[in-house]
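Welcome! Have a look at the sequence and the 3D structure below, and then let us walk through some of the side chains together.

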Amino acid sequence: MRVHNVDTLIFDLDGTLLDTLSDLANAVNHTLIAHGKEPYELEEYKNFIGRGSKQLLKSAFNTDDDKFIEDIYNEYLEYYKAHVKDKTKAYRGIKSALTNFYNLGYHLFVLTNKPQELADKLMKSFFPSVKFDAIISSASRFKPKPDPESLLYILTTYKIDPKDAIFFGDSNYDMEIAKKCNIPYRAGCLYGYQNEEALVSSGATKILKNGYEISRYVFSLGITSGLSTLIVFDVSSLAIALSSVFLGATTEGSLAKVTYFGLFSFTMLFILISNVLILTHRYYLRANSCYFFLSAQLSSLAFSYLFIPNSTHTFSFNNKIDLAIFITAIILSFVALLALVFDLKSLIKRAKKRLLLVIVN
């Protein structure tokens with residue numbers, strides 16, 4: 001029997017990742033006023049959204065006249081494009097959660113009824129350091145939610161087993177399509193625009209009261225290869241720390257003792273900090289960072305053992321064990337250098353991307 005590894009996270013956008021209600025409401029109210037209609041209060045729009053822009057306009061204008069909606073749609077869209085980020089904001093805890101998921105190797109998708117151009121713009125603006133596997137606009141390419149066509153496209157195109165995925169949404173439409181596509185983990189985001197009763201009755205298997213609960217829920221379902229790497233890193237670092245203590249305790253050289261116990265202190269401090277960050281869902285080291293620190297620690301311990309004078313060992317190239325340790329230390333140093341270079345390149349790339357977004361916006 002196959003053991004499922006939950007490694008795919010699919011998010012709705014409006015009301016789940018971003019609070020877009022004010023800008024949506026302002027755009028529709030602008031269109032209503034332009035056509036001699038009375039605007040709605042902000043809270044009233046919570047009853048209208050969830051099925052795409054055209055359905056939103058139909059609800060606001062109280063009409064089923066498709067031709068009329070087509071005529072005013074571009075008017076609404078032009079205003080909304082110009083004001084799409086005026087009051088929109090990310091929900092608290094979402095940015096750090098997405099960054100952590102990305103760093104840990106989760107596959108991230110956004111499935112929204114918002115037009116593709118606007119969905120792309122908002123994701124790049126609010127989450128510049130997160131790379132999504134895909135941002136899919138069901139309104140642009142498929143039938144709007146709750147039709148399951150767009151979600152089925154993601155599952156089949158990216159070869160995702162539904163049992164390996166979690167769907168996050170704030171509306172009954174999100175829960176309905178996830179249920180239709182046999183996704184067992186359906187997280188209803190209560191901090192969005194719909195009430196708990198509607199979410200549960202439409203198929204939500206978990207209710208999340210705020211953005212910070214997303215990380216806890218995901219990690220309660222298992223670990224990814226990225227998190228497995230961190231666990232291996234912690235265990236390996238602890239082994240290095242204990243080896244440093246052993247070498248420091250068995251030598252009489254003062255410089256060697258200081259070096260070994262210094263390595264022990266640094267390693268334990270690093271383990272402590274990294275695990276505090278993990279437990280508080282603040283940040284996770286990327287794989288390259290783990291490889292760098294682990295290789296650097298091992299090579300430092302090896303070089304210390306070989307070349308720092310102490311009472312228990314004298315280095316010699318004629319000693320096969322010493323030679324093997326020396327070659328291993330050289331290789332580890334090379335691995336650490338490569339990992340550092342790739343990590344720095346990634347950081348520079350992200351910094352350039354953020355700077356570009358600041359300039360553009």
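Please keep in mind that the model is predicted.

**Charged pairs**

Side chains of opposite charge can pair when their charged atoms come close.

| Lys | Partner | N to O distance |
|---|---|---|
| Lys46 | Glu43 | 3.2 Å |
| Lys54 | Glu70 | 2.8 Å |
| Lys81 | Glu117 | 3.1 Å |

Let us begin with Lys54 and Glu70, whose closest N and O atoms are 2.8 Å apart. This pair links distant parts of the chain, as Lys54 belongs to helix 2 (residues 53–61) and Glu70 to helix 3 (residues 66–82), 16 residues apart. Lys54 is partly exposed at 35% relative accessible area, and Glu70 is partly exposed at 44%. Lys54 also has an aromatic neighbour: its charged end sits over the ring of Tyr73, 5.0 Å from the ring centre.

Now follow the salt bridge between Glu117 and Lys81. Glu117 is in helix 5 (residues 116–126) and Lys81 is in helix 3, so their pairing ties together parts that are 36 residues apart in sequence. Glu117 counts as exposed, with 51% relative accessibility, while Lys81 is partly exposed at 33%. Elsewhere, salt bridges with shared partners connect Asp12, Lys145 and Asp174 in one network.

**Aromatic rings**

The structure holds 24 aromatic pairs. In one of them, the ring centres of Tyr106 and Phe219 are 6.5 Å apart and the planes meet at 45°, so this pair is tilted. The two residues come from distant parts of the chain: Tyr106 is in the loop between helix 4 (94–103) and strand 4 (107–112), whereas Phe219 is in helix 10 (residues 212–220), 113 residues apart. Tyr106 is buried, at 4% relative accessible area, and Phe219 is buried too, at 16%.

Phe266 and Phe270 form a stacked pair, because their planes are at 25° with the ring centres 6.4 Å apart. These two residues are four residues apart in helix 12 (residues 254–279), about one helical turn.

**One side of a helix**

Next, find helix 7 (residues 149–157), where Ser150, Leu151, Ile154 and Leu155 are buried. These residues lie on the same side of helix 7, because they cover an arc of only 140° around the axis. Which elements cover them? The cover includes strand 1 (8–11), strand 4, strand 5 (134–137), helix 6 (138–141), strand 6 (165–169) and helix 8 (172–180). After helix 7 comes Lys159, which has a positive phi, near 50°.

**The cysteines**

A disulfide is a covalent bond between the sulfur atoms of two cysteines. The structure holds zero disulfides. Cys181 is buried, with 4% relative accessible area, and Cys189 counts as buried at 0%.

Methods:
Residues are numbered from 1 along each chain as its sequence is written. This is a predicted model: local features need pLDDT of at least 70, side-chain atom pairs count only at pLDDT 80 or more; totals for chains, interfaces and linings use all residues. Side-chain values use heavy atoms; hydrogens and water are left out. A disulfide is a pair of cysteine sulfur atoms within 2.5 Å. Buried means under 20% relative accessible area, exposed over 50%, partly exposed in between (1.4 Å probe, protein chains only). Rings of Phe, Tyr and Trp (its six-membered ring) pair if their centres lie within 6.5 Å; planes under 30 degrees apart count as stacked, over 60 as edge-to-face and the rest as tilted. A charge sits over a ring if NZ of Lys or CZ of Arg is within 6 Å of the ring centre and within 35 degrees of the ring normal. The arc is that of the directions from the helix axis to the C-beta atoms. Contact means heavy atoms within 4.5 Å. A salt bridge is a side-chain nitrogen of Lys or Arg within 4 Å of a carboxyl oxygen of Asp or Glu.
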